[in-house]
There are 8 protein chains.
Amino acid sequence: MDVKKILEQVSMGTLSPEEAGEMLKNLPYEDLGYAKLDLHRKLRSGFPETVYCQGKPDQYLADIFDTLYRENGEVMGTRATEQQYLLVKERIPGIIYDPVSRILKAEPEGKERKGCVAVCTGGTADIPVAEEAAQTAEFFGCYVDRIYDVGVAGIHRILSKREQITRANCVITIAGMEGALGTVVAGLVENPVIAVPTSVGYGASFHGLSALLTMINSCANGISTVNIDNGYGAGYLAAQINRLAERNCYTV
Amino acid sequence: MDVKKILEQVSMGTLSPEEAGEMLKNLPYEDLGYAKLDLHRKLRSGFPETVYCQGKPDQYLADIFDTLYRENGEVMGTRATEQQYLLVKERIPGIIYDPVSRILKAEPEGKERKGCVAVCTGGTADIPVAEEAAQTAEFFGCYVDRIYDVGVAGIHRILSKREQITRANCVITIAGMEGALGTVVAGLVENPVIAVPTSVGYGASFHGLSALLTMINSCANGISTVNIDNGYGAGYLAAQINRLAERNCYTV
Amino acid sequence: MDVKKILEQVSMGTLSPEEAGEMLKNLPYEDLGYAKLDLHRKLRSGFPETVYCQGKPDQYLADIFDTLYRENGEVMGTRATEQQYLLVKERIPGIIYDPVSRILKAEPEGKERKGCVAVCTGGTADIPVAEEAAQTAEFFGCYVDRIYDVGVAGIHRILSKREQITRANCVITIAGMEGALGTVVAGLVENPVIAVPTSVGYGASFHGLSALLTMINSCANGISTVNIDNGYGAGYLAAQINRLAERNCYTV
Amino acid sequence: MDVKKILEQVSMGTLSPEEAGEMLKNLPYEDLGYAKLDLHRKLRSGFPETVYCQGKPDQYLADIFDTLYRENGEVMGTRATEQQYLLVKERIPGIIYDPVSRILKAEPEGKERKGCVAVCTGGTADIPVAEEAAQTAEFFGCYVDRIYDVGVAGIHRILSKREQITRANCVITIAGMEGALGTVVAGLVENPVIAVPTSVGYGASFHGLSALLTMINSCANGISTVNIDNGYGAGYLAAQINRLAERNCYTV
Amino acid sequence: MDVKKILEQVSMGTLSPEEAGEMLKNLPYEDLGYAKLDLHRKLRSGFPETVYCQGKPDQYLADIFDTLYRENGEVMGTRATEQQYLLVKERIPGIIYDPVSRILKAEPEGKERKGCVAVCTGGTADIPVAEEAAQTAEFFGCYVDRIYDVGVAGIHRILSKREQITRANCVITIAGMEGALGTVVAGLVENPVIAVPTSVGYGASFHGLSALLTMINSCANGISTVNIDNGYGAGYLAAQINRLAERNCYTV
Amino acid sequence: MDVKKILEQVSMGTLSPEEAGEMLKNLPYEDLGYAKLDLHRKLRSGFPETVYCQGKPDQYLADIFDTLYRENGEVMGTRATEQQYLLVKERIPGIIYDPVSRILKAEPEGKERKGCVAVCTGGTADIPVAEEAAQTAEFFGCYVDRIYDVGVAGIHRILSKREQITRANCVITIAGMEGALGTVVAGLVENPVIAVPTSVGYGASFHGLSALLTMINSCANGISTVNIDNGYGAGYLAAQINRLAERNCYTV
Amino acid sequence: MDVKKILEQVSMGTLSPEEAGEMLKNLPYEDLGYAKLDLHRKLRSGFPETVYCQGKPDQYLADIFDTLYRENGEVMGTRATEQQYLLVKERIPGIIYDPVSRILKAEPEGKERKGCVAVCTGGTADIPVAEEAAQTAEFFGCYVDRIYDVGVAGIHRILSKREQITRANCVITIAGMEGALGTVVAGLVENPVIAVPTSVGYGASFHGLSALLTMINSCANGISTVNIDNGYGAGYLAAQINRLAERNCYTV
Amino acid sequence: MDVKKILEQVSMGTLSPEEAGEMLKNLPYEDLGYAKLDLHRKLRSGFPETVYCQGKPDQYLADIFDTLYRENGEVMGTRATEQQYLLVKERIPGIIYDPVSRILKAEPEGKERKGCVAVCTGGTADIPVAEEAAQTAEFFGCYVDRIYDVGVAGIHRILSKREQITRANCVITIAGMEGALGTVVAGLVENPVIAVPTSVGYGASFHGLSALLTMINSCANGISTVNIDNGYGAGYLAAQINRLAERNCYTV
């Protein structure tokens with residue numbers, strides 16, 4: 001029984017205020033069924049739900065993609081394998097798989113985008129994480145400017161792209177090893193920088209820990225960090241910032 | 001000699017192209033003197049420079065505050081001591097010191113603000129870091145909504161503030177110990193969440209490491225992390241996001 | 001306006017079900033003021049609220065103790081200093097301070113207890129943590145059997161107390177350095193063992209990390225671990241288990 | 001020669017008190033043979049012995065299962081492989097293997113259970129650990145309420161299950177990544193919460209270390225932690241607590 | 001009542017074998033009072049008990065020293081402060097305090113020693129730990145050869161002492177920073193080497209962790225490690241080895 | 001258009017100083033295309049670019065080798081696989097692959113070398129890293145003296161090579177496990193020592209962390225450290241030092 | 001040229017004291033050739049050289065075994081694979097391989113042993129490390145008493161073996177997970193205890209780090225620690241101690 | 001008796017070659033007394049010995065300074081306190097103390113220098129470490145170019161100094177927090193870069209660990225790292241490189 005019905009019964013006198021009070025006590029929690037959750041979530045975040053494919057059982061995965069695709073008219077999954085792609089493809093023939101980013105998605109044609117996010121990497125080995133970030137931001141409505149292999153050991157590389165990164169509403173910097181790219185970029189731009197450490201490196205990089213610490217300790221202003229190799233998280237956050245930056249544009 | 005003069009001399013024939021080439025070779029780097037830096041920085045970031053007071057020698061400190069105050073008409077320092085406040089006060093009588101946030105600042109009256117940032121803490125011991133964040137965001141032009149002592153061990157506390165945090169352009173969540181507040185908040189709002197781990201705790205909190213790892217590993221979307229106790233960094237970043245969100249408002 | 005009043009108005013026809021629905025929508029969250037929280041919390045957990053004194057501002061502290069004491073007729077604080085004791089004493093003259101456990105409390109005389117918790121320590125240096133645990137368990141209604149200085153380097157010591165620890169509804173084992181006491185005890189008893197690592201030790205004890213890892217990795221059955229030096233947490237948990245164990249006793 | 005015989009001989013004068021003293025000196029230790037151990041252990045803990053299958057040599061394993069099954073009429077092993085299942089099946093045809101929990105067990109039909117333990121997970125990837133916990137608790141006589149995929153990034157999910165978790169004698173919360181579920185749950189219930197960190201996650205989750213630290217640092221009351229992925233340990237401990245809670249029920 | 005008396009009563013017929021059996025059942029555990037422990041311990045280890053002074057309450061400390069001194073005719077404490085020395089001196093006027101090793105001891109004159117232990121340090125800052133080791137070994141009956149400031153950065157220093165270290169029954173090597181002394185020494189001698197890491201160093205020495213890891217990873221044969229700064233532990237172990245080495249000497 | 005052409009046009013009057021100024025403004029950054037980078041880099045560092053083969057996509061790799069080989073007349077790659085060798089060989093038939101060092105290189109015959117670098121290892125398992133270092137130094141123009149298996153657990157081994165290491169302009173010491181070789185060597189020579197920790201070892205060597213800490217904490221003068229297993233980095237740095245040491249030799 | 005010849009020439013006047021001084025300057029180092037090393041080492045340590053097989057190239061391995069076997073009449077290698085066994089067997093047909101300990105050895109029949117070392121393990125999974133320790137000690141002349149699966153979670157197990165461990169000249173305790181066995185044993189015996197942490201465990205055992213810390217922090221007297229899984233190191237050290245303990249036995 | 005005298009006696013026939021051989025056998029080791037060590041050391045390294053003052057006992061310190069000053073005509077100590085300065089000053093009136101670098105030194109006037117070392121810092125808080133490095137390099141004969149406060153968060157700062165750092169024989173880069181300066185500098189120069197992490201920072205800088213990892217993981221060529229805050233070590237190494245670079249200059 002939902003709130004509306006309870007109130008109607010109180011109004012009609014078939015339920016006393018005391019009885020209704022007891023029934024309402026836990027309602028805002030208990031009355032939430034599974035299907036309702038998703039709609040609520042969409043209302044809350046403004047972005048449709050996505051799928052973290054890694055380790056999802058095969059049967060589950062196809063169902064989840066199918067349900068979300070039918071409901072939202074689009075669907076995106078991250079960290080998908082080739083084999084998962086083939087599986088989902090049987091249900092959603094138009095689904096597309098990118099082996100670099102490992103993103104699996106189906107989108108309507110001509111989806112509108114506005115605002116720009118720049119995605120920079122220190123080296124070429126960081127590109128898979130960068131593509132996860134870039135394609136996530138695109139899925140959530142951003143234009144993306146890819147600026148790859150501009151690590152600070154050859155500082156002229158990022159400097160030569162200064163104009164591009166300055167234009168973006170948000171810059172994602174992705175680097176492994178010593179991970180210093182974010183600090184240099186944050187010193188050059190006025191908009192937020194999201195730093196993504198990657199597990200690229202060896203020895204004392206400790207699978208991305210060194211890069212993570214570098215970014216967390218950045219002495220630049222306007223920089224924050226997400227988990228190692230978390231391109232999706234950076235892309236999502238960049239899309240949120242980009243959406244805020246562009247929200248009043250149509251009123252001009 | 002600057003670029004313009006070099007080019008005029010080449011045009012007049014008093015300098016050969018070869019000689020000019022040699023002179024121009026290192027110019028974009030060398031031509032930057034100290035005073036120019038600050039102006040350039042202000043142009044780049046849009047926010048005036050601030051002072052990290054911790055460990056600054058006394059003589060230095062007063063000069064830096066004085067210079068920045070005269071140039072920008074306002075100045076802010078973080079992690080200042082009572083003793084540093086007294087020192088700077090001799091030069092800038094109107095400077096104000098807040099012993100909780102340890103912020104030392106002088107601002108013009110009636111400074112304009114727009115847009116709102118919410119600052120939440122898990123407990124009362126996180127308030128000093130929260131005030132550093134809040135006052136930084138205010139200094140850079142935001143309204144701030146303070147929502148303190150709403151840690152997830154009593155989940156109704158943050159839930160009861162849901163409307164407030166949903167309204168903000170950006171939410172800063174500040175917590176020590178297990179540091180789970182950010183994840184819950186990011187699940188409730190549609191705008192970016194900046195998580196600040198604090199060194200509050202004991203034993204296996206390892207001076208904030210536990211909270212930092214919690215935040216970096218958050219399974220919520222739209223959350224990123226700054227250094228332990230780095231209220232300033234969170235406030236600065238929130239102000240950047242808020243500025244983007246509000247930038248087109250006056251054109252309506 | 002609270003739920004009861006809303007419902008009465010609906011019943012009286014001064015509020016339509018639709019209007020009431022709107023008002024109730026966010027109620028379970030927004031309607032909770034500060035004082036209400038505590039009552040709700042007490043209902044939830046069955047134990048009155050306590051105060052973590054460390055770092056609490058002086059003014060705050062006395063108010064909190066006073067409020068809780070008046071409401072519950074008893075109050076307990078942990079990690080209190082001598083100076084905090086003197087402060088609170090001005091407001092609650094009968095408050096008692098134990099410098100070993102650093103517990104500050106006021107209780108009614110003749111408070112009922114039932115069921116027994118055993119508190120064991122590896123060495124004498126662990127006693128402050130043990131007393132925090134023991135007095136917490138006592139405050140929440142347990143009898144406590146103190147068995148101190150029975151570390152496993154002299155195994156006969158704990159073996160000679162086997163009967164006592166077997167009788168307890170729950171055993172708290174407290175140890176620093178290598179922290180092996182919990183494993184031996186869990187192998188001897190049939191009831192739950194709560195292990196508390198302490199920061200006692202030096203060198204590679206890393207302020208309790210070594211003991212914590214020992215306890216977490218225990219190969220015994222029926223053991224779990226709380227934070228380093230967290231006597232309060234162990235005492236609280238033991239009191240919960242003891243309450244469960246004793247709950248049906250009076251029905252016999 | 002056992003104590004009784006020694007004493008009889010002293011009584012009969014065939015052994016002097018001095019000789020007997022020498023013989024008794026080490027007796028309580030040396031007199032324990034292998035077979036006696038198991039019986040003693042069962043008496044001590046009240047639960048039959050189980051088998052940790054991982055890494056056990058094939059020959060050993062079948063013998064151990066067979067012996068325990070014949071002695072106790074039931075047997076349970078954890079972390080078993082498919083191949084180990086086939087091996088043991090040759091000896092105990094009725095043995096059952098669950099590939100999710102990797103539990104291998106043979107139980108009499110209609111085994112009595114009483115009292116309820118709730119097992120909650122943050123995500124679906126935590127389910128294998130949760131099933132190890134749940135089936136262990138069931139093996140040791142509990143009813144289990146499974147509440148999966150209720151992580152705090154979507155806080156309404158666990159809130160909607162509040163009634164269920166409140167009813168349980170003990171709640172096991174299982175989560176990887178930031179692992180904050182336990183704190184929220186412990187804030188909602190009055191009975192003990194056992195937190196199990198899992199190795200689910202990537203990057204800075206450090207194979208469960210992040211979740212472990214979160215749980216150990218929980219600021220909620222009434223929570224303790226077991227090793228990463230240690231579903232068995234949580235299930236065993238929950239069964240101990242449940243047994244205590246239910247022990248006097250039949251006397252009503 | 002002790003074993004001897006029980007047996008005498010059985011022998012005299014004043015106690016039946018059955019009654020005696022019941023009394024003896026738990027005896028080896030329960031019958032151990034505080035004073036008895038020490039005697040048993042001395043029998044077990046062959047060395048009298050010592051006192052770890054750090055953090056011991058003042059009242060306790062004097063009693064413990066007094067009791068042990070009266071019982072054993074000698075007493076030794078480690079990590080004592082000047083203030084503790086003055087306290088104990090009131091009870092044992094002949095007690096001697098060494099501020100370098102922080103050892104507090106009273107010994108009979110002309111105590112016999114045999115066999116030799118060598119104690120080497122990498123630098124002069126390691127001497128306090130070395131003296132704790134050396135004086136401990138002397139207290140337990142060894143001659144000690146002190147070879148200080150022979151770190152491997154000037155390899156000729158330890159090489160020039162080769163003959164001395166070869167003669168010792170056991171060599172204790174004590175070093176901070178990179179802690180490589182033990183490996184070089186173990187490569188030169190045929191007897192066991194005990195390595196003691198010290199907290200001497202700064203930066204990445206992490207309070208002795210670096211030296212500890214060096215020693216644990218030593219590729220030399222015949223080396224083992226004790227805790228950081230644990231001179232006492234090394235001295236005790238060396239005395240055990242020395243005792244074994246010398247035990248048959250008098251039979252020649 | 002490059003700087004030279006711009007200046008010629010200004011000189012010829014076909015470009016005004018103002019127009020040229022605008023074009024030059026961002027030139028040092030923007031005007032750098034891919035090929036130009038390499039030339040600039042070569043000018044800066046004096047050494048041709050090399051290729052880090054690990055993880056490079058196949059198509060990329062062959063192109064990069066080909067381009068660099070044609071431009072510089074020589075090329076070197078590190079961490080190459082057998083399969084990558086075969087791939088590149090199709091484009092550069094004369095390329096040579098060394099499976100020990102995993103270096104892939106093509107050099108002109110009779111390449112000039114001068115000055116000597118010594119490369120020492122603690123054990124034979126360190127040789128792959130040592131060969132990476134040695135062959136890198138040779139590629140950049142050094143003579144290399146290989147001194148392998150001279151770990152400090154048998155100190156006479158390195159001592160017997162004292163003359164050789166003393167002669168070198170720079171000594172590279174490579175060791176895993178406790179990694180103490182560098183300290184001993186730095187104590188014997190007057191020239192710089194570069195220490196390379198290796199991942200050789202097990203248990204508490206933590207994949208080279210122990211050796212890294214040893215080297216960073218070395219109490220010897222004149223020693224510095226590179227990443228775990230980074231033979232290339234050590235070889236490059238040694239070649240820089242050797243070049244400095246030999247730079248004025250021909251003027252004698 | 002060796003010292004004797006130099007001195008003879010000085011004596012004969014064919015070499016001046018100055019020339020001889022120059023020649024002698026570096027002699028004690030340079031005069032050591034490879035073959036001499038091994039003899040010297042044997043003289044130093046009293047034990048023949050052994051082979052660490054892991055990672056040794058095939059060709060190398062057979063040569064090393066062959067050389068050592070011919071020289072010493074016996075040879076032992078650790079961490080050997082089945083495949084290495086087959087390889088060496090072609091050269092030394094009588095060589096024996098034990099797949100549990102992974103020891104490969106050839107010994108003369110009827111090799112003399114004296115003195116006893118006890119080897120204890122916490123669980124059955126520690127047996128491979130224990131066998132490496134036991135067989136190493138046997139190879140170096142000890143009798144070994146194997147006491148397996150006596151972990152402290154069932155404390156009666158080790159207590160029932162007290163007499164055996166008390167008899168040994170040295171006790172090796174081997175345990176993973178929480179690794180508490182060594183402390184209990186050291187509290188029961190008077191001779192040295194060598195603790196070996198193993199990588200047995202999961203989750204927060206961190207591949208043996210937890211057990212290592214436990215052992216290093218042991219509050220028992222007379223215990224020291226070797227690297228994780230280093231059975232060989234413990235066996236070698238035990239044999240050294242045993243040799244010292246037995247050295248004067250034959251003189252009785 | 002030293003080598004020369006022994007040889008003269010052999011030459012004179014007053015000592016037989018056999019006797020002399022015996023005397024010389026251990027000479028290079030045993031004959032080294034304290035004073036002799038220093039002379040040998042000076043011969044080996046080419047630089048006079050210095051004093052690490054931290055923790056040195058007062059009496060010791062003055063003697064050491066006095067001895068070295070008289071022998072070498074100059075002396076330098078690091079990490080000295082004001083109080084140590086006053087102490088040494090009584091013995092060496094001309095000694096100079098710099099409270100920033102904490103260096104205590106006495107040098108002859110007009111000491112010759114050649115070659116240049118650049119010392120760069122990320123911020124002003126790194127200056128104490130930088131001065132230790134700079135003054136050490138000066139003491140050992142280098143000119144030093146100080147380039148402070150050029151951290152990469154404002155990249156133009158270091159770029160504007162490119163010419164200066166390119167001229168140096170060696171560049172020392174000193175930075176705390178994320179420590180990225182070294183990588184950028186190494187990408188700009190052709191000579192070696194020595195990176196010094198500092199303990200400047202807070203939170204996740206972990207007292208310099210973050211900066212250390214950044215530097216060790218640098219993806220630039222030609223960079224190596226010393227311990228946290230080890231300005232002395234960097235200055236010494238730079239002086240060694242500078243000496244090599246300048247050694248042939250006078251022959252031109």
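The points below cover the A/H interface, its symmetry and a sheet in chain F.

1. Some housekeeping: this is a predicted model, where local features need pLDDT of at least 70, side-chain atom pairs count only at pLDDT 80 or more, and totals for chains, interfaces and linings use all residues. Residues are numbered from 1 along each chain as its sequence is written, while chains are lettered from A and ligands numbered from 1 in the order in which they are written.

2. Chain A meets chain H through 24 residues on each side, with contact taken as C-beta atoms, placed from the backbone, within 7 Å. On the chain A side, α10 (181-186) and α11 (209-216) each give at least two residues, and α11(A) has the largest share, 4 residues. Helices here are DSSP runs of H or I with at least four residues, and strands are E runs with at least two.

3. How are the two copies related? A rotation of 177° with a shift of 0.4 Å along its axis places chain A on chain H, RMSD 1.1 Å, by least squares on C-alpha atoms with pLDDT of at least 70 in both. This is how a two-fold axis relates copies. The C-alpha of A180(A) is the nearest to the axis in chain A, at 2.8 Å. Of the contact residues of chain A, 100% recur in chain H.

4. In chain F, 4 strands make an open, mixed sheet ordered β1-β2-β4-β3; pairing needs at least two DSSP bridges. β1 (51-52) and β3 (96-98) of chain F are the edges, each with a single partner, so one side of each lacks a neighbour in the sheet. β3(F) runs antiparallel to β4 (103-106) of chain F through 3 bridges, and I96(F) sits opposite K105(F).

Conventions. Contact = placed C-beta atoms within 7 Å.
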